[in-house]
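Please keep the sequence and the model in view while reading.

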Amino acid sequence: MNVSLNWLATHVDLKGKSPEELDKLRTFAGVEVEGIEVKGISSPLIVVAQIMEAVQHPDADKLKVTKVDAGEGALRQIVCGAKNYQVGDKVPCALPGAVLPGGFTIGEAKMRGVESRGMLCSASEIGLVDAVDGLLILPPDSPIGKPVKELFDSDVLLEVEVTPNRPDLLSHYGMAREMATLLEMPLRPLEIQTRTGSSSHDGSSAEGVKIEAPEVSPFYTAVKVTGVKVGDSPAWLRERLESIGLRPINNIVDITNFVLHEVGQPLHAFDAAKVSGDLIIRTATEGESFTALDGTVYSLLADDGVISDSTGKALALGGVMGGQDSGVSETTTDILLESAYFTPSRIRRTSRRLALSSDSSYRFERGVNPQGILSASALAVQLILEIAGGTAAPITLIAGEPPVLTQPVTLDLARLDQLTGASIGHEEAATILTRLGLKALGDNRWEVPAFRADLQRHIDLVEEIVRVKGLDAVPSRFAATFVPSSPVDSAYDADMRLRERLVGLGFHECQTIKLISDAQVSDALPLKPLLPGDAIRVSLPLSEDHAVMRPSILPGLLASAARNVRQGAKALRFFEIGRVFRNAGGGKAKDLESDSLAILLSGPALPSGWSRTESVADLYDLKAVLSALAPSAPIQFVPREREGFALACDVQYAGQNLGGFAMLLPGRQRELDLPSAVFVAELDLAKLRKLSGANSQPDELPLFPGSTRDISLDAPSALPSADIDKALAKVKAPLLTGFECIALYSDPSGEKMAANRKSITYRLQYRDAVKTLTTAEIDTAHQAIVAGLISALPVTQR
């Protein structure tokens, strides 16, 4: 939000306060200033100069050589291309060294061979608004040599970041109220003439206004003003809007924009001639068409709120934007002025879905002050009558009741003392709350004003007291006390160990949003497969991309991988530790949460270089990564079909399922523009923490040599190698220290061996810790292992 200090100063005295001081004050009070911009003329080297002579440039048809009196005692020669001046006119002259908006510094130069010692300026070139094309002609009585900045008002524009819970700060009066509290200065009251309201007995309608959808707008008011003259706004109003970056349109629209930025209440003016019958607040019909002020046509849903007339024609998208067919134009003579309260969640949903945002929707979706609706309407009517003329109806049409968003809150003084170390006295705390607009009800109960709906609990009052007093006023009196280690600490330590190991292996940590789209659910690799009803949907998603709570971290990692590839990344090494959400048993068990670790690997296995051949990472690279996370736990892959993946298996340790491993389908890989095969894993973090935290001691270096023997087995083609690994692990052979698969052969044609058979070769390592093995001892151990494999599995030795 842009805040003009000149505008702010009409409500609170800011004399003697620099923009930097106000920036610091706001920031320490929780209102961050993101930027400070000086509006108007800043350089003292831009002075009033009188044009004494102007002759044609000898070598340029569109330039003239002027001589000006800048109050220096001698005339200054300046080349100028403007046409709108005469000799004797007084204009701004930027002397060498002057810095113009945009950081451009004026110097002395030659233009087509003629020396030019400065620059004659237009209004926009020195930070003002152009009224004509050409130089800014100053008043004849302007003193020659006087800095032009002393002839015009300057302003400072603050770009303020307002948090969503403080909609009361989204106006100059609200910001002035905050500054008055922080500076302990009086706030000048707004001078608004009160008006009489009229509503029906049931409160849902008044003559001319009818609420059919109170869930959209529980409170709606309208005032009819006849005989207005639409035209340009007066200078003061244009300057107010231009000071915060708004473009003046016409006096009626400008007044509604002024009131919005003055008190924070959005208004809308309908051309009364284009409204047939009553204004009706209703929900849209499914697929109803609406043409906004910008000419864009939108298709509405039944949840969207609209303002229509008795013919059913949608005149405005309630709380978001007016319609093209009912807006104020130059021919408008009668208007209907809307001031209302719209339900924030409704406005937020419609605005996000249609990607249609406005200053009005920005405020309505955060919540406006229900008690400020009528006063804002009265202020606008007052300004319309002053500026555009006309006659206002004596009664404001009122439908519905303003919602009550606040309630009395009790301040726990003992808790206040505990939280602040008794550094803020009770009387001082009461004074601060009073300055904030709260009223004491007795027994430490406080009535909260309607514009502070964020103050709901005792702790909210404490936060306000400390914020206004200043955190630096609360002393730090105690050093940290010892706290014994807890399960939370242990989990944190385990997660940090996993992070350090993965980073050491060349991986980058990601943090992705916990909400995904329906389309991304198919990318999930949950610890247990999803059944219909297991995915948890968001009731009111902000967009289609945030409709489901993630049952797996993998969809976010795949999206990150695709973005990195589009930015030119080759090697993809990502991991994320986070929480996943799901139901179970088709929705029988509700709202289950757990922590997971997801890993993604794709692309070159090693950095490219002239001395090596590029190799692409495969499933064994990821298996090695998983083994490194829990060195003391031998990990096994057990094949398991998973929908949406080309290759999948369970990751197990000692028969305990830790999670899943998979390779992305080539089709999905192409959809994401990923150039290489993508391997992913998602593990149960609670189980992995225990494994990664187990103490693992390095093996001592062997003192005696070892030996190897190979064994080739004829096995059914459907026999998983994991079964052979398990059988070897179960063999009681103390001399066997390790094994690995080194060869695999099959012949689908059936010519060299049966098509349903395969040959698989393992290399077995033997060693004794206390002596050198003899050939006979190795052969005996080897034959025993071969016999054990043949008896345990449907295999034969080749």
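Arg-282 is found in strand β18, which covers residues 279-283; strands (E, at least two residues) and helices (H or I, at least four) are DSSP runs, numbered from the N terminus. The model is a predicted one, in which local features need pLDDT of at least 70 and side-chain atom pairs count only at pLDDT 80 or more, while totals for chains, interfaces and linings use all residues. Residues are numbered from 1 along each chain as its sequence is written, and side-chain values use heavy atoms, with hydrogens and water left out.

- Arg-282 counts as buried because its relative accessibility is 12%; buried means under 20% relative accessible area, exposed means over 50%, and partly exposed lies in between (1.4 Å probe, protein chains only).
- The side chains of Arg-282 and Glu-288 are joined by a polar contact of 2.9 Å. A polar contact is a pair of N or O atoms within 3.5 Å; within protein, one must be able to donate a hydrogen and the other to accept it, and residues adjacent in sequence count only if both atoms are side-chain atoms.
- Leaving aside neighbours within four places in sequence, Arg-282 is in contact (heavy atoms within 4.5 Å) with several residues, among them Glu-212, Ala-213, Asp-304 and Ala-314.

**Two aspartates with positive phi**

- Asp-443 has a phi near 55°, a positive value in a residue other than glycine.
- The position of Asp-443 is in the loop between β28 (439-442) and β29 (445-447), and its relative accessibility of 73% is why it counts as exposed.
- For Asp-591, phi is near 50°, again a positive value in a residue other than glycine.
- Asp-591 lies in strand β35, residues 589-602, and it counts as exposed because its relative accessibility is 55%.

**Buried residues and their contacts**

- Ile-432 belongs to helix α10, residues 426-435. With a relative accessible area of 3%, Ile-432 is buried.
- Ile-432 and Ile-465 are 33 residues apart in sequence, and their C-alpha atoms are 6.2 Å apart in space.
- Not counting residues up to four places away in sequence, Ile-432 touches Glu-464, Ile-465, Val-468 and Lys-469.
- Pro-604 sits in the loop between β35 and α14 (619-629). Its relative accessible area is 15%, so Pro-604 is buried.
- Beyond its neighbours within four places in sequence, Pro-604 is in contact with residues including Lys-570, Arg-573, Glu-614 and Ala-617.
- The C-alpha atoms of Pro-604 and Ala-559, which are 45 residues apart along the chain, are separated by 19 Å.
- Ile-635 lies in strand β36, residues 635-639, and counts as buried at 10% relative accessibility.
- With neighbours within four places in sequence left aside, Ile-635 is in contact with Lys-623, Leu-626, Ser-627, Val-651 and Gln-652.
- Ile-635 and Val-483 are 152 residues apart along the chain, and 36 Å separates their C-alpha atoms.

**A partly exposed glycine**

- Gly-667 is found in helix α15, residues 666-671. At 29% relative accessibility, Gly-667 counts as partly exposed.
- Gly-667 and Ala-646 are 21 residues apart along the chain, with their C-alpha atoms separated by 9.6 Å.

**The chain as a whole**

- The secondary structure of the chain comes to 18 helices and 43 strands.
- The radius of gyration is 38 Å, well over the 28 Å that the globule rule gives for 798 residues, so the chain is more spread out than a compact globule. This radius is taken over C-alpha atoms, and the globule rule is 2.2 Å times the number of residues to the power 0.38.
- Taken along the principal axes, the C-alpha atoms fill a box of roughly 120 × 85 × 65 Å.
- Of the 798 residues in the chain, 45% are buried.
- Among contacts between residues at least 6 apart in sequence, 70% join residues at least 24 apart.

**Surface and charge**

- The accessible surface of the chain comes to about 40100 Å², and 52% of it belongs to carbon and sulfur atoms; such areas come from the Shrake-Rupley method with a 1.4 Å probe, and for residues only the protein chains shown count as cover.
- The mean positions of the 80 positive and 100 negative charges are 5 Å apart. Lys and Arg count as positive and Asp and Glu as negative, while His and the chain ends are not counted; the place of a charge is taken as NZ of Lys, CZ of Arg, CG of Asp or CD of Glu.
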